[in-house]
Amino acid sequence: MNMTDVAERGLVLLGCGKMGSAMLEGWLRTGLPPLSVSVIDPDPSDWLKEQGVQIGGKLPKNPAVAIIAVKPQMMGAALPDVKALGNGETLVISIAAGTPISTFESVLGEDTPIVRAMPNTPAAIGRGITAIVGNDKVAADQMDLAEALLLSVGDVVRLDDEDQMDVVTAVSGSGPAYVFHLIETLAAAGVAEGLPADLAMHLAKATVAGAGDLAEHDDVNPAQLRANVTSPNGTTEAALKVLMDFETGFPPLLRRAVAAAAQRSRELANG
Ligand SMILES: NC(=O)c1ccc[n+]([C@@H]2O[C@H](COP(=O)([O-])OP(=O)(O)OC[C@H]3O[C@@H](n4cnc5c(N)ncnc54)[C@H](OP(=O)(O)O)[C@@H]3O)[C@@H](O)[C@H]2O)c1
């Protein structure tokens, strides 16, 4: 199954908010015919109405794929709309944080091929990273299709086991917020040392963005990149002595933060 099948059999999008729109924009940009897309959303945005997709009409009988992009708390109300697509040949992909595959199996039927995906907010600008895992009803070509569809909003990785999703959520799902806080606190520290607030924020944002790009694109690993800019007895080394402190620095702090997020994800999944 591939994008040609999607164009022919159709794609159903349940929920077209921030994430749904970002994905749809990518699929249309890469050539998916608008008329092959059927959207269900109670309050379609102006942007959506201009895309030439079908909104709120009758769903295709046997679409290649149905994407669930509503908030987890709306799931109970929204899922019955696509119940007819369960237990068949339609691949269901959910991007809802914290909703386990078993929830979809219990509503849509145990024989439904279901992929659970965890994207993150940079998906809005095509720079997300999404982890995917499927139940045993998902055929290899359907997994490839899920990956192809999610590549429209950034990078994709496959998990071996759904249990890994809690830690993935704690690292990449919630991770952008940690980086935003790093920007905030780096800027605030610059202000505390005497810089004007707007200048400090400009420096902090550009530094995080540039370093992130470098870490992603350079073949050298981040530890080596760090070592490369750390001259003995220099300014970077002075800061890193604080940040890399085994008891008070980043290592124990991020260890605790990620553990707290993973634990919360497990609690939410168990209701
Ligand atoms: N944003 C992220 O970075 C991110 C990251 C990882 C995972 N996710 C997951 O992605 C999903 C969507 O998040 P989002 O940020 O895109 O949320 P969002 O902007 O609130 O989008 C959800 C959309 O679903 C619509 N909706 C509500 N009830 C519906 C129903 N019964 N039938 C069909 N559509 C319905 C909403 O309409 P109204 O606005 O009119 O209610 C809204 O347009 C969530 O499950 C979230 O956990 C998001």
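I began with terms: on a 1 Å grid over the protein atoms alone, a pocket is an open set of points with protein on both sides within 12 Å along at least five of seven lines. A molecule sits in a pocket if more than half of its atoms lie within 2 Å of its grid points. I then looked up the ligand, and the space it takes is the second largest pocket.

I noted the basis. This is a predicted model, where local features need pLDDT of at least 70, side-chain atom pairs count only at pLDDT 80 or more, and totals for chains, interfaces and linings use all residues. Residues are numbered from 1 along each chain as its sequence is written, and side-chain values use heavy atoms, with hydrogens and water left out.

Next I listed the neighbours (a heavy atom within 4 Å). I found 23 residues around the ligand, with M19, D41, V70, A97 and T121 coming nearest. I sorted this shell by class: 15 nonpolar, four polar (Gly counts here) and four charged (Asp, Glu, Lys and Arg).

I checked polar contacts (N or O pairs within 3.5 Å). A polar backbone atom of V70 is 2.6 Å from a ligand oxygen. For K18, the backbone distance to a ligand oxygen is 2.9 Å. For I95, a backbone N or O atom lies 3.5 Å from one. The protein covers 79% of the 880 Å² of accessible area that the ligand has on its own (Shrake-Rupley method, 1.4 Å probe).

Last, I looked up A261. A261 touches A170 and Y178 (heavy atoms within 4.5 Å), leaving aside residues up to four places away in sequence.

Notes: A polar contact is a pair of N or O atoms within 3.5 Å; within protein, one must be able to donate a hydrogen and the other to accept it, and residues adjacent in sequence count only if both atoms are side-chain atoms. On a 1 Å grid over the protein atoms alone, a cavity is a set of points where a 1.4 Å probe fits but cannot get out, and a pocket is an open set with protein on both sides within 12 Å along at least five of seven lines; lining residues have an atom within 4 Å of a point.
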